[in-house]
Amino acid sequence: MGDSRVLVVDNGSYECRVGWSDCKEPELRFRNVLTKPRKDRKKEAIGSSEGAGSTSAAVEAPAEIQVGNDITNIEAVRAHLKSPFERNVITNWNHQEQIFDYIFTKMGFEGQENINHPIVLTEALANPNFCRQQMNELLFECYGIPAVSYGIDALYSWDYYQQSRRRVSDALIISFGYSTTHVIPVLEGKIQLEHVRRLNVGGYHIITYLFRLMQMKYPVHLTAITISRMEKLVHEHCHIAVDYREELVKWAQLDYYEEHIMKIQLPYNAVAATNAMLTAEQKQEKRRELALRLLEIKNRREREKLREDEQQLFVYNKLRQLYEQQKLQKFQRALEQQQIGSLEELDSLIATINSRIKRAQDRAQSAPRPSKQQDKLDKMPKPPEGVLQADWLADIHGKREKLLRRKQARQQQRSEQAKRHTHAAQERMRIISSLAKSDKRRKANGEEEDDGFGMNDNDWDVYKRINRYNDDSDSDADNEQLLEFEKILNHYDANFDDGSSNVQAQSAAENYQLHFGVEDIRVPEILFQPSMIGCSEAGLAELIAFVLKLFPADEQQRMVDHVYLTGGCGQFRGLKERLAKELMEMRPFQSKFAIYESDNHTLSAWLGACVQAEDPSFGQTLTTRQDYQENGSEFFREHKASNLFYPTPKD
């Protein structure tokens with residue numbers, strides 16, 4: 001081998017991590033996607049431009065393929081993103097080759113014919129032989145690597161976790177991926193591949209579920225609800241409820257909702273009142289300037305149209321002169337150039353343009369009509385003669401305040417009358433009861449029978465219906481007068497504020513908010529209840545119970561003593577507590593178990609691969625070029641963190 005340094009590639013379906021085995025962290029991390037952005041066609045004219053018969057050819061410049069971190073705005077090309085993976089298995093090898101080109105270029109191998117470094121590469125659990133065969137051919141034939149070692153990311157993570165702790169040989173590993181979740185039993189240091197089970201739910205489904213929930217909740221903000229924002233919400237704010245039903249009951253309570261709701265303010269530009277500090281005279285002057293400016297724009301457009309019509313009329317008259325001078329050939333060619341069918345059509349066009357020019361000239365000579373804005377200003381009430389404007393406005397302010405106090409008193413009186421136990425309400429109820437005596441029935445002895453009217457709550461509802469709006473006869477007139485006063489004050493008083501502007505601005509800003517509440521627990525719950533997204537598979541707890549039942553009781557106990565969580569979704573808050581609750585319910589009474597988490601959920605697989613690369617026995621795990629040539633393209637060497645090799649049966 002040309003160099004002893006080992007290149008470690010954790011080829012995840014969501015993120016790819018690349019670095020040297022003797023480093024503490026990867027040098028390159030990027031989203032495992034690529035795109036070929038659509039660009040405007042760049043055309044270069046080829047050929048001569050002499051004469052009327054010049055020709056040109058369009059040459060389309062090829063669009064540059066962008067990979068990983070080179071994609072500057074991922075949302076702009078979201079519809080065109082491509083991935084080499086289908087779920088967690090590589091299926092598109094052209095895309096994988098382009099990603100390898102990107103990796104080796106960023107790692108400093110650009111221009112080199114061969115990559116003279118052994119590679120440690122992660123692959124999917126139970127990776128098909130065909131996929132490994134394609135990978136071997138790509139690495140050995142295209143890039144000329146000397147050797148490669150394949151391993152499973154979850155087992156690399158478990159190996160790294162044990163470096164600073166007491167090593168154990170039995171464990172139950174729960175690996176959370178972007179597209180799938182695996183339950184992996186390990187006994188005596190070996191993976192029990194035939195008992196591994198997969199749940200086809202992962203980080204992708206969680207993000208997509210939140211994306212659809214928010215789109216249905218806020219259909220007017222579809223452009224603001226993006227996959228990138230949903231990824232951030234899932235990574236930073238979602239957690240798994242220990243008791244999902246109990247949490248839902250809490251969210252149904254208004255106090256709990258108001259205390260825990262997270263409000264996301266979308267970009268919103270409030271419309272500022274630019275003329276708030278102007279006087280009434282300045283406002284009027286500004287309106288006049290605006291009206292004059294609009295009138296000037298209209299007149300300019302009419303002048304331009306008139307000039308175009310005059311030019312067109314000049315051309316048509318020239319054509320008519322050709323006909324009158326009996327130059328019929330030139331006349332016919334000119335008609336074809338102007339796309340006019342006959343002499344009658346030409347005369348009709350000349351008459352139409354003449355009438356249009358005459359109307360425009362008449363409008364220019366006539367007196368300008370007052371604009372709608374000027375009519376509105378003229379109809380505005382003005383101070384009476386001999387009264388100063390300031391005194392007139394002060395009087396209107398006083399009348400408005402008097403109306404507001406009257407409305408407030410009437411509203412307070414209405415609210416008091418709605419209370420049953422006030423003295424006034426009791427007295428009115430007594431009067432109504434006395435009025436009902438004429439309808440009372442008589443007993444056999446001739447005495448009146450008391451029907452108990454007023455003793456029941458339903459009688460009080462009747463009273464309230466009778467009493468409704470009995471003192472609101474003048475409210476409509478007051479409201480009209482109040483609106484008239486406010487209209488005058490808004491026009492003449494620059495400092496007048498009716499109090500509605502702040503409320504309107506606040507309500508408009510609230511319309512641009514996203515409320516992130518119960519989705520906090522609902523979205524990650526699909527790991528335990530896949531039926532929420534229409535998936536017919538069992539949840540994670542049922543899957544763990546099923547895997548454990550495949551083993552004898554003593555082996556079950558050895559595995560649950562070391563339940564290990566790894567992968568991106570393993571970072572959810574509350575996951576460890578939820579699994580402890582589920583294991584408590586499924587395990588025998590008073591049996592023990594222990595749940596451990598990865599120190600670094602996203603990097604532990606890469607770090608575990610680095611640990612193996614630095615091990616003295618690393619050479620025995622490498623599949624060399626000689627092995628590839630002698631044993632076939634699907635062959636690889638097994639080790640403690642790898643898949644098991646099952647040769648493809650020959651026909």
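Setting aside neighbours within four places in sequence, Tyr102 is in contact (heavy atoms within 4.5 Å) with Leu28, Phe30, Val67, Gly68, Asn69 and Asp70. Before I continue, please note that this is a predicted model, in which local features need pLDDT of at least 70, side-chain atom pairs count only at pLDDT 80 or more, and totals for chains, interfaces and linings use all residues. Residues are numbered from 1 along each chain as its sequence is written, and side-chain values use heavy atoms, with hydrogens and water left out.

Tyr102 belongs to helix 1, residues 93-106. Helices (H or I, at least four residues) and strands (E, at least two) are DSSP runs, numbered from the N terminus. Is Tyr102 buried or exposed? Tyr102 is buried, its relative accessible area being 8%; buried means under 20% relative accessible area, exposed over 50%, and partly exposed in between, with a 1.4 Å probe and protein chains only. From Tyr102 to Gln66 the C-alpha to C-alpha distance is 9.0 Å, across 36 residues of sequence.

For the chain in general, I can report 22 helices and 18 strands. Of its 651 residues, 39% are buried. Among contacts with a separation of 6 or more, 71% involve residues 24 or more positions apart.

Thr122 is buried, at a relative accessible area of 8%. Its side chain reaches the backbone nitrogen of Asn11 at 2.9 Å. Not counting residues up to four places away in sequence, Thr122 touches Val9, Asp10, Asn11, Gly151, Asp153 and Tyr156.

My final topic is a helix pair. Two packed helices are described by the angle between their axes and the distance between the axes. How do helix 18 and helix 20 cross, and at roughly what angle? The axes of helix 18 (residues 540-548) and helix 20 (residues 575-586) come within 10 Å and cross at roughly 45°. Helix 18 is therefore oblique to helix 20. Axes here are lines fitted to C-alpha atoms, for helices over the stretch in contact, and angles run from 0 to 180 degrees between N-to-C directions; under 35 degrees counts as roughly parallel, over 145 as roughly antiparallel, 65 to 115 as roughly perpendicular, and the rest as oblique.

On the helix 18 side, Leu540, Ala541, Ile544, Ala545 and Leu548 meet Leu579, Glu582, Leu583 and Met586 of helix 20. By class, this contact has eight nonpolar, no polar and one charged residues. Ala, Val, Leu, Ile, Met, Phe, Trp, Tyr, Cys and Pro count as nonpolar, Asp, Glu, Lys and Arg as charged, and the others, Gly among them, as polar.

How values were computed:
Polar contact = N/O pair within 3.5 Å; in protein donor to acceptor, adjacent residues only side chain to side chain.
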